[in-house]
Amino acid sequence: MKGLIGKGVAEGTYKRYVVTYGKIQRFLKAKYKVTDLALCELKYKFITDFEYFLKTTDNLDHNTCISYIKKLKKIAALSVKNEWLVRNPFLGFKCVTHDVEREVLTDDEIQLLRNKTFPSLRLGQVRDIFLFSCYTGYAYAEVRALTPDHIGTGLDGEKVDFHQTSKDR
């Protein structure tokens, strides 16, 4: 996966697999008192126990747990295709997420945040990135990937100057 970064795999995807690996390692130590497990020992019960571990020990929401389990499911399917596993342990396990109602900030709340003065430059920058995301719809990873080369002329005919401080805006 690491070797595929930039070749169809985003760095963020790779990092999420690394985090999943760490959670599986913690689960193995807590549940089985081992640091590794033979692939052939990956069974349906392992998956349900891992889900329980994530929800109870890590106190994760259902959808977050499912996102980690989906990564394990992808590896199990690849293992079956490569004949490292005879049977997919995920047969019968549904990776269903729940619909989530997300609250939307009001214009007044966004204006309050925009006018908020923070005690540190870093927090002001976090606010600015968040507001930029609100106004553009860009995810944080997309904002982080932006460079000055991506900036053009705005609708008002003005260039955006990232060297201004938040007080100048």
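Predicted model: local features only at pLDDT ≥ 70, side-chain atom pairs only at ≥ 80, totals over all residues.
Angles under 35 degrees count as roughly parallel, over 145 as roughly antiparallel, 65 to 115 as roughly perpendicular, and anything else as oblique. Numbering starts from 1 along each chain as its sequence is written, and side-chain values use heavy atoms, with hydrogens and water left out.

**Exercise 1.** Work out how H4 and H5 are oriented to each other, and list the residues that touch.

*Solution.* 
- Step 1: find the helices, which are DSSP runs (H or I, at least four residues) numbered from the N terminus. H4 covers residues 107-115 and H5 residues 121-136.
- Step 2: get the angle, which runs from 0 to 180 degrees between N-to-C directions, using axes fitted to C-alpha atoms over the stretch in contact. For H4 and H5 that's about 150°, with the axes 10 Å apart.
- Step 3: classify. H4 and H5 are therefore roughly antiparallel.
- Step 4: list the contact (heavy atoms within 4.5 Å). H4 brings Ile-110, Leu-113 and Arg-114, while H5 brings Arg-127, Phe-130, Leu-131 and Tyr-135.
- Step 5: sort by class, where Ala, Val, Leu, Ile, Met, Phe, Trp, Tyr, Cys and Pro are nonpolar, Asp, Glu, Lys and Arg are charged, and the others, Gly among them, are polar. You get 5 nonpolar, no polar and 2 charged.

**Exercise 2.** Describe the lining of the second largest pocket.

*Solution.* 
- Step 1: recall that a pocket, on a 1 Å grid over the protein atoms alone, is an open set of points where a 1.4 Å probe fits, with protein on both sides within 12 Å along at least five of seven lines; lining residues have an atom within 4 Å of a point.
- Step 2: count the lining. There are 17 residues, with Tyr-21, Ile-24, Leu-39, Leu-72 and Ile-75 nearest the centre.
- Step 3: trace the elements. Helix H1 (11-32) and helix H3 (62-81) each give two or more residues, and H1 has the largest share, 6 residues.
- Step 4: sort by class, giving 11 nonpolar, 3 polar and 3 charged.
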